[in-house]
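Please open the model in the viewer and display it as a cartoon.

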Amino acid sequence: MAETRIFNWQDQALRSADAVGTRNMLLLTHLRWIAVLGQVGTILIVHFLMHVSLPVGPMIAVAGGLAALNGATLIALVRGREVANWELFVALLIDFAALTAQLYMSGGATNPFAPIGLLQVVIGAVLLRPWSSWSLVALHIVAFGLLALFHRPLILPEGFASILSPAHLLASWINFVLAAVLLVFFVTRIGRNLRTRDASLAEMRQRAAEEDHIVRMGLLASGAAHELGTPLSSLSVILGDWRKQPSLAADANLSEEIGEMQAAVARCKEIVGGILYASGEARSENLERTTLRAFLLSVADQWRSQRPDLLVFADRLGDDAVIAADRTLAQILTNVLDNAAEAGATRVELIAQRSGGDLVLKVRDDGRGFPAEMLAGVGKPYRSSKDRRGAGLGLFLAVNVMRTLGGSVVVRNGATGGAEVTLSLPLAALALDHAA
């Protein structure tokens, strides 16, 4: 069963993971060039200037292999190669293997440069996902321990020679383990905190953009309401005059049609009166004292009058409550019911129930439901399966108004077809003292 919760926004950083991976791989190539130059320079200085016997050929060959890898990587990046996490992990594994080989040929854990493996650990913690970061830590810890036991002895000339005791090597290994584990632990924690902060900022920017969109829509709606008010009032007066004329009143069919026209104009005037809720204000100014059950029954009856034999109202409220009737909530519920009817439903069910201190309204239908690709974008403006101008604004406005009321909207497709929209909001938001 596909389901989406409107307020759980997608993490924006994940959508550009490939681009981030490419930039990270490019950064890794820069660091590898530094490592290659540093290794070659150190090998030549130690062997030829300090007269320390080293297997120069094999060690230079390892550094050359890293340089060749760097060249191949840069060619792949230039061709627009997308880089995944596992590829970064493999690249760092190759760097780990090269460093381990260099240390094995130059004294192992007794080499003064042995702790440089911590640099690779930190790089892995920054660039990789947690599972691969910890895998790299485990490999470095094992390699450091084995290099203390198995390595080519580093014979230093007199004046440079020193002997490290087994206890010293053990302490060095323990220090390496503690440093590697703590570095990865804190770096990954800091990275996760930064990603959480970025997600929160992205959500705030999204909300700000949507609220700005609502404000602009509200300005247009208020202008339209002002302009439509006069012609609708004129139509109402004209229809009233027609109905009073004897020649028209004598025709039963024509009189009935005039009555239907008056009802339609009255409905339009009511819609115009409530259209200002599109500005994003959660509460309308025309609040009336009523009960929760009476309020919902009035909304259901009014909607049922336009579409007879389509709506079934299931009252599971239990004890009734006194509330302030809010035209805004009525308009939201009407929009959701309209969406169900326009989706081809032959049966629409409105379920009203209380859950703790919340009012839960569920609208179920047997229509087409939401396409799978739309579920993630439900509640965003102009996301709709209806191919007409302005489609998709109903749920968009419902989401933002419910958010302002402290509620939420959940949309999902039913297991056997149709759709279900759940509106939840605190009953305190409809209380008379809250409205005041």
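Select helices H2 and H3 to begin: H2 passes H3 in a left-handed crossing, a term used if the near helix is turned anticlockwise from the far one by less than a right angle, clockwise being right-handed. Display Met59, Val62, Ala63, Leu66 and Leu69 of H2 with Ile94, Asp95, Ala98, Ala101 and Gln102 of H3, the residues that make the contact (heavy atoms within 4.5 Å). These residues comprise eight nonpolar, one polar and one charged.

This is a predicted model, in which local features need pLDDT of at least 70 and side-chain atom pairs count only at pLDDT 80 or more, while totals for chains, interfaces and linings use all residues. Residues are numbered from 1 along each chain as its sequence is written, and side-chain values use heavy atoms, with hydrogens and water left out.

Zoom out to the whole chain, which has 13 helices and eight strands (DSSP runs numbered from the N terminus: helices are H or I of at least four residues, strands E of at least two). Of its 436 residues, 40% are buried (under 20% relative accessible area with a 1.4 Å probe, protein chains only; exposed is over 50%, partly exposed in between).

Next, select strand E7, residues 408–413: five of its six residues are buried, so E7 is largely enclosed by the rest of the structure. Serine 408 stands opposite serine 424 in E8. Finally, select glycine 417: in this hairpin, with five residues between the strands, glycine 417 takes a positive phi near 115 degrees.

Methods: Pairing = 2+ DSSP bridges. Nonpolar A, V, L, I, M, F, W, Y, C, P; charged D, E, K, R; others polar.
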